[in-house]
Protein chains: 2
Amino acid sequence: MKKYTLLFIMFALLPSFAMAQKKQFTLDDLIPGGATYRQNTYPDNRYIIWWGEHCLMLDVDRCYMINRDTGAEVKVVFFLDGVNNALKKAGLKTINSLLYCSMPYADKPYILVKRTDREMALLDGKDGNVLWSASLEPGATNIDRFDKTLAYTVDHNLYVLDEMGKTHTISKDGCLDITYGESVHRDEFGISKGTFWSPKGNYLAFYRMDQSMVSSYPQVNINPNIDKSRCAQVEPDKYPMAGETSHKVTVGIFDIKKDKTIYLDAGDPTDRYFTNIAWSPDESKIYMIELNRDQNHGELVEYDVKTGARLRTVFEESNAKYFEPCNPIQFLPWNSDKFIYLTRKDGYNHIYLYNTKGKMLKQLTSGKFEVMDILGFNEKAKTIIYTSNEISPIQKNVFKVNMKAKRESIGNTTGWHSASLSPSGNDIIDNYSSPLFSRHVDVVSTLDGWTSNIFSAPDKWAQFNAPQFKVGTIKAADGVTDLYYRLTLPPDFDAKKKYPAVIYVYGGPHAHVVDASFHYGARGWDVYMAQKGYVMLSLDNRGSEHRGLEFEQATFRNLGVEEMKDQMKGVEFLKSLPYVDASRLGVHGWSFGGFMTTSLMTTYPDVFKCGVAGGPVIDWKYYEVMYGERYMDTPESNPEGYKNTSLLNKAGNLKGRLMIIYGGNDPTCVPQHTLSFIRACIDAGTYPDLFTYPGDGHNMFGTDRVHLHEVITRYFEDHLK
Amino acid sequence: MKKYTLLFIMFALLPSFAMAQKKQFTLDDLIPGGATYRQNTYPDNRYIIWWGEHCLMLDVDRCYMINRDTGAEVKVVFFLDGVNNALKKAGLKTINSLLYCSMPYADKPYILVKRTDREMALLDGKDGNVLWSASLEPGATNIDRFDKTLAYTVDHNLYVLDEMGKTHTISKDGCLDITYGESVHRDEFGISKGTFWSPKGNYLAFYRMDQSMVSSYPQVNINPNIDKSRCAQVEPDKYPMAGETSHKVTVGIFDIKKDKTIYLDAGDPTDRYFTNIAWSPDESKIYMIELNRDQNHGELVEYDVKTGARLRTVFEESNAKYFEPCNPIQFLPWNSDKFIYLTRKDGYNHIYLYNTKGKMLKQLTSGKFEVMDILGFNEKAKTIIYTSNEISPIQKNVFKVNMKAKRESIGNTTGWHSASLSPSGNDIIDNYSSPLFSRHVDVVSTLDGWTSNIFSAPDKWAQFNAPQFKVGTIKAADGVTDLYYRLTLPPDFDAKKKYPAVIYVYGGPHAHVVDASFHYGARGWDVYMAQKGYVMLSLDNRGSEHRGLEFEQATFRNLGVEEMKDQMKGVEFLKSLPYVDASRLGVHGWSFGGFMTTSLMTTYPDVFKCGVAGGPVIDWKYYEVMYGERYMDTPESNPEGYKNTSLLNKAGNLKGRLMIIYGGNDPTCVPQHTLSFIRACIDAGTYPDLFTYPGDGHNMFGTDRVHLHEVITRYFEDHLK
């Protein structure tokens, strides 16, 4: 009997014992690409799409309609088996999952099935007939669909497969030197693609880029896997470096009915950026913002679609430092004589209403906050739905504004939101997180704010002995500006102990690292390091995003200088914490953050004991024209700025342990950066460490990313602990 | 008074105090290229040359004749000032030092002045007249002088500047793909140059190499310093990988009087090696050893110089594994019907006497030792002067042998000798070291052995607290063969302590690391590490040089396997030493030694805690045809051997800390080796470390070499100490 009693007691104790003994994180739990990442820490999600005004939930094997107000399943719309039967009947390959299906026609029960990017079909959900299908050749990419017509590129040439199945060859001389239908200007100025269908699908505007005059960066493939030889092969990549000869972009318009291409008569494209392509609703005009190479003056220009003739400058905009248009104009659905335009000309990114004559009619949003994304319009209510950080600089919430500039928040007012607007604009599917919650999915009315929670992700972190996350502000080095920081404290934090501290930094424009999303935006690696006993700090210095133009432009022509001063305020803050061991400070960052890390290690060599810089910029003269010259001008026009910020000139200052890691084929911060720094350190008699991921680009993904974070962690464990 | 007394006592004590407190070495003291290397540890030298039978000593500012028996200065032969006055008078640029002057005409007082490789002049020492001068264009290289005629190459084309000043253009289509007058077959088979003057200077034999069909390895120059762009540039290097298509070599003969070139009629050059070019004394015949790609069969072939016609095969030689001719035949100065030929056909490298009919007349040397270099002949005494390791496998001493195969040692019988023979062959200038002495220079009679010591370098090491060096033998893994090891013990060695131990390994053919030279061949880094408290071991495993063919060929088709077994005997030996901490074993090596280091770390992962591999071979499939296929055959014919020795397949075994270091532009073990291993480790989830020297080749020189050894040392201090 006694034996059993003992067992009973043990069982009774187990739950609380288990509570105390929570799981330890592995890197696989915490890093995207890790074997247990999706299962153990990534918040579960629901794949909800709009079919007209209906909310559809996509599962692997079925798609069902949900009640917009309750989230309850209303009825199944289609099954995987049904889709596959229809595909088989039409002699097409089947699919494994419905997650890439959609119902893009509000008024028709048509299912768009994507097997791969290159293989798609349109089924009639009613009878299972295949209405249309396409299977593009291997190598087809940049696929851009309009109804049943596909634009795509193969080997830098542009093609259109029309709904009759006819292939139109738009270019023939495409090659590495001359590209058609691909993104240009290195994806700056909001450019992410190279084809632009007209609203009714009669025309395709596209980019042509001549980069024959641009230097080729010799990327080396060490595993060419080619019959001829196993010897490494060079794979040249066009890379215009700051101040050097740049590419020339022109814009073509393909008339699908006439099977004819014209080019916009924009004049000599040398040292000009053609950005933010937009169509007039009636397809008769096309607009783009044309920027000078200095990036301090732009104009919105109107062209005739039929002839390509330049009609007029709609308006101009300048800035003493730089002007960076990232959003094409958008015409009001209810008035094709008016469009909205986003600019930071008052210091913050705001929505302005213009008429097509170029007259600014009204500033629709204003205040010390930034409009982030335009989600769309509600035609009936005549409102614009957008996101902004008006509620808090570190939040992103959904708002609407009407034509009288009256704005109102929509749905939950905490956290960080991504939303998808229904076709009418009456509802949003609102997917968001907040510091304590990893994910909610709400459906929210843009009209009256009626909100229904469709999904809340279970708290996967409860099983772990998680760290503590804190957010706050400190003053920037200018003594005035508030900077947001996030502190991550070890799970069993004891304020009487002394912990080593590591700053994770990015610091560059168009990005931030602290926000009001889950855990204040803490990364898996912060968590891992906290678990290992490090205090982790991140701080968004001046120069980072969402804080207005002055905040961003404080760094102009001297990237890194003001940013470092602000980060040193973070160091002061760390040193003020009684539980931080100031003799054991480390720093880590990637890309611009790698530049910051290396800058900090070589500018404040007595402050940091250890750092890991990933894919760093080392000297802006090795960075590309578009991004680089915006912030730094050219080496010729800003020699002091380039000299002061070059880490080649600071290589001799290195004292602490610094490891640089780079992707062996990084096309963004080319290996020349890191290798030049290593060479400069050798020449100066200093001793950085080095690692590389052969074959990888600017970032590591999948298992490489897990490996990378083990390498980074190990370095701090070796040299900072 | 008391004050002075005290001072006196202090002075008295100083010398013995200073004796006890010997200097500590810095890497600059120990590593070639270090700031204090020449001053503090490199043994002083004397530049002694032959002028006929006279010994001349070269200083920077004067050249004087020394008494062959006493070493005493007899008279000044010429001064720097005098040479410069003569140059000035002739309108030529002056020189800064006489150290590159010579007096190549035994019977004439002519001084050959070399300002640079490209600028030279011949002065009459009597009257200071310039008899001849030449200044080749920048870019001229491979300069080969015969009296007053120069052969040279520019941009892979071959030229001859004759003594009348006329330039003969021998080739015009030279380029990276087709080379003339340059070394071929990647300097294997004893080839080190591409031009071969006939004995009387009437003909120039030269190599032509077509490598258009060979893969180009994409070396990348990160500092191109070219006006057009600062972007990194690819600099392709022809690199035939094992089993892949190789280059084609032909041999031309330029007739300087007829200004005409013919090519030897050797047949299809595909997959053949043309090596060891030799002239008959009368210039009517030319000989070369022609080897098949398998390198297991060769023939000495005689050609007609006038027509290029193949006359006959003089003799053939085969070997079941491989046959590696490294020495051209040499005709006896006293009998042009006979020549000597070196071969290891009896298992050791020995001298054989042949007649021109191809009949072997006599084996002149024999025994279990190896003939190393032929220094020349004594025509009058009819002897051959050569070096061998007959006295001890780890020594190199001077010998003579007569035509009756009677051999005798010449001069000092210890240590490691390099000697220069006088034109008559009566004397040698013998420059040598032995384990306890860094350098002696003796003049020794080859006739009677009369020896006079001209110079003994002062003992620079006495000022330092130097380590102890020990040499001995252990049995190889075959249980039979003696292997030589060197042990370097910390300066204040205490047998009761426990020291970490590091093996410095090379292990490949054509090299050794233990010999009877100064400190038994210990390298500066061994000394530095010993000073830091490491026991250093080096061991010449089977496969290394000077121990005969069977010893070398034990590794055939499985490079690394037997070598590692032998090195593990070294580990056993280390573990048997009571003062070695077996839990702290490290290993370091470069090139083949980098291959050995990585092989050992991944094959015996529980033995070695830490290793540093430099410029390693990782997979022999990435190594070049000539060296690689000799020992490994091709990947097609020896798939098992390639698989078993590939470290890509062992990357997952890595447990200890391993750093790989490579020259960023290594043309020998191309970066593909190291980068492929890093990639394999990432894929396998293991964690090597990495460093590179951008812009450097297979080895680091100058200050880079000092930096390198700090990096290596630091790694062991971080992870083994």
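Trainee: What should I know before we start?

Mentor: The model is predicted, so local features need pLDDT of at least 70 and side-chain atom pairs count only at pLDDT 80 or more, while totals for chains, interfaces and linings use all residues. Residues are numbered from 1 along each chain as its sequence is written, and chains are lettered from A and ligands numbered from 1 in the order in which they are written.

Trainee: What makes strand 39 of chain B "mostly covered"?

Mentor: A residue is buried if 20 or more other C-beta atoms lie within 10 Å of its own, exposed if 12 or fewer, and partly exposed in between, with C-beta atoms placed from the backbone. In strand 39 (residues 580–590) of chain B, 8 of the 11 residues are buried, so "mostly covered" is the label. Strands here are DSSP E runs of at least two residues, helices are H or I runs of at least four, and both are numbered from the N terminus.

Trainee: How do you know that strand 37 of chain B pairs with strand 39 of chain B?

Mentor: Two strands pair if DSSP finds at least two bridges between them. Strand 37 (residues 499–505) of chain B has 6 bridges to strand 39 of chain B, and the two run parallel, so they count as paired. In one of these bridges, Ala501(B) has Leu585(B) as its partner.

Trainee: Which strand pairs with strand 39 of chain B over 5 bridges?

Mentor: That's strand 40 (residues 610–614) of chain B, also in the parallel sense. Gly586(B) stands opposite Cys610(B) there. Between strands 39 and 40 of chain B, the chain passes through helix 8 (residues 592–603) in a right-handed β-α-β crossover; with the strands pointing away from the viewer, the path from the first strand over the helix to the second runs clockwise.

Trainee: How many residues of helix 9 of chain B are buried?

Mentor: In helix 9 (residues 625–632) of chain B, 8 of 8 are buried, Gly628(B) and Arg630(B) among them. Asp633(B), which follows helix 9, has a positive phi, near 55°.

Trainee: Why is the relation between chain B and chain A called a two-fold axis?

Mentor: A rotation of 180° with 0.1 Å of shift along its axis superposes chain B on chain A, RMSD 0.1 Å, and that is the relation of a two-fold axis. In chain B, the C-alpha nearest the axis belongs to Leu690(B), 2.9 Å from it.

Conventions: Least-squares fit on C-alpha atoms with pLDDT ≥ 70 in both.
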